[in-house]
Amino acid sequence: MKLFFKKIINKNNKGRKALVEMRGYTLIETMIAVALFLIVITTGLGALLSANSLQKKSQDMRSILDNLNFAMEDMSRNIRTGYNFVCIVGGSPLPSDVSTPNNFHNCGGIAFESGTGRISDPLDQWVYYISNNRIFKTTKSPYDDSSNYIQLTPDEINIDAASGFVVTGAEPGDGKQPFITIKLVGTITTPQGVSTPFYLQTSVSQRIMDM
Amino acid sequence: MMKKNNKLNKGFTLVETLVAISIFTMSILGLMSILASSISDINYAKQKIAASYLAQEGIEYVRNLRDTAIISSVDGTGWTTFKALLPPSSDSSFYPPDGSTFPNFTRTISVDTTFGPDEIKITSDVSWTQGSGDKHIIFSENLYNWTEE
């Protein structure tokens with residue numbers, strides 16, 4: 001009988017020992033762990049989100065810059081290989097005939113015979129025209145029909161009034177090789193509201209000899 | 001029993017903690033530096049676009065001088081007239097007359113005449129200051145006398 005009780009006590013003690021060794025976390029430990037977890041996750045998530053929005057901003061800026069570069073490249077390349085330049089004064093209504101060469105400073109638009117055009121055809125000129133803070137282009141007549149023009153620059157690019165073309169040496173028989181300066185001034189605004197100014201200028205000399 | 005418990009409850013050592021913190025910091029710093037450099041790269045790309053158009057403009061201007069000299073001469077002396085117009089060496093004031101005020105950019109056009117009488121090399125160097133130093137873009141083109149005297 002005595003032995004039996006001893007056995008039970010021993011058994012109970014064994015159970016207590018096991019209980020002490022298998023005890024879990026205290027409330028304080030759990031709270032500290034959860035608080036640390038929350039702090040790390042909040043800051044980490046914040047950093048991740050801001051990194052993501054920063055990446056989106058630079059991607060948008062990059063693609064708008066590419067577009068601006070394309071518009072400038074398209075204009076300079078086509079003007080360089082073109083001839084018979086006509087200055088269209090900015091702000092004035094679009095003329096229907098753009099085949100008589102002239103010189104002017106502060107042109108809001110420029111018309112010319114493209115490299116593949118025929119000088120005998122007055123209705124195959126190409127026109128670049130700055131209007132409503134955008135650059136427009138047409139490769140076919142009628143030139144006074146605004147629905148004929150396609151928009152070269154996206155709405156995120158705002159082209160200032162200081163932009164335009166300077167045409168010199170375009171009149172026939174003036175003994176000068178035509179020289180056209182293109183100037184683009186304005187601001188880029190990304191969809192996230194980041195805006196940066198830009199200033200682009202280049203000049204091209206007509207490749208075909210003006211003889 | 002007490003010893004056993006101590007062994008079971010042992011935490012991290014100081015070295016382990018420091019290693020863990022430094023790995024975490026390095027990975028965060030890496031991410032942040034990539035972000036910062038992507039922002040400055042966008043700005044660099046934007047300035048480079050503007051600079052390359054300005055450099056090309058300088059070359060086009062000299063080419064226009066040559067072509068104007070050649071078409072306005074009747075006796076084939078256009079090339080000689082053109083060479084007399086060029087600056088002796090490099091000259092940063094050798095701008096096209098219109099719109100020569102470029103914010104932040106400096107253009108220097110230099111002429112190399114050592115190729116013989118009928119060839120010159122035009123170098124157009126546009127520089128601007130950005131971030132920690134000066135950036136450059138250099139375009140060059142060789143012009144020839146294709147006329148006969």
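Visitor: What makes α2(A) and helix α2 (residues 14–72) of chain B roughly parallel?

Guide: In this predicted model, the axes of the two helices come within 9 Å and cross at roughly 10 degrees. Angles under 35 degrees count as roughly parallel, so α2(A) is described as roughly parallel to α2(B).

Visitor: Which residues of α2(A) and α2(B) meet?

Guide: From α2(A), the residues include Ala47(A), Leu54(A), Met61(A), Leu65(A), Met72(A) and Arg80(A). From α2(B), they include Met32(B), Leu35(B), Ile39(B), Ile42(B), Ile49(B), Tyr53(B) and Glu60(B). By class, this contact has 13 nonpolar, 5 polar and 5 charged residues.

Visitor: Why are Arg80(A) and Glu60(B) called a salt bridge?

Guide: Their side chains meet at 3.2 Å, N to O. The rule asks for a side-chain nitrogen of Lys or Arg within 4 Å of a carboxyl oxygen of Asp or Glu, and therefore the pair qualifies. Across the interface of chain A and chain B, the rule finds 2 salt bridges. Side chains of opposite charge can pair when their charged atoms come close.

Visitor: How many residue pairs are in polar contact between chain A and chain B, and which elements of chain A take part in the side that touches chain B?

Guide: The count is 13 residue pairs in polar contact, both residues being at pLDDT 80 or more. The elements that give two or more residues to that side of chain A are α1 (2–21), α2 (27–81), β8 (179–189) and β9 (195–205). Of these, α2(A) gives the most, with 12 residues. The residues of this side of chain A divide into 16 nonpolar, 13 polar and 8 charged.

Visitor: How many residues are in contact between the two chains, and what area do the chains bury?

Guide: In total, 37 residues of chain A are in contact with 30 residues of chain B. The two chains bury about 3,000 Å² between them, with 64% of it on carbon and sulfur atoms.

Visitor: What makes Asp74(A) and Lys137(A) a salt bridge, and which parts of the chain does the pair link?

Guide: The closest N and O atoms of Asp74(A) and Lys137(A) are 3.0 Å apart. The cut-off is 4 Å, so the pair counts as a salt bridge. Asp74(A) is in helix α2 of chain A and Lys137(A) in strand β4 of chain A, distant parts of the chain 63 residues apart. Over all chains, a search of the whole structure finds 11 salt bridges.

Visitor: How do you know that the peptide bond from Ser141(A) to Pro142(A) is cis or trans?

Guide: Its omega is near 0 degrees, and the bond is cis. Pro142(A) is placed in the loop between β4 (134–138) and β5 (150–151) of chain A.

Key
Residues numbered from 1 in each chain as written. Chains lettered and ligands numbered in written order. Predicted model: local features only at pLDDT ≥ 70, side-chain atom pairs only at ≥ 80, totals over all residues. Heavy atoms only, no water. Contact = heavy atoms within 4.5 Å. Buried area = accessible area lost by both parts, 1.4 Å probe. Polar contact = N/O pair within 3.5 Å; in protein donor to acceptor, adjacent residues only side chain to side chain. Helix = DSSP H or I, 4+ residues; strand = E, 2+ residues; numbered from the N terminus. Nonpolar A, V, L, I, M, F, W, Y, C, P; charged D, E, K, R; others polar. Axes fitted to C-alpha atoms, helices over the stretch in contact; angles between N-to-C directions. Parallel < 35°, antiparallel > 145°, perpendicular 65-115°, else oblique.
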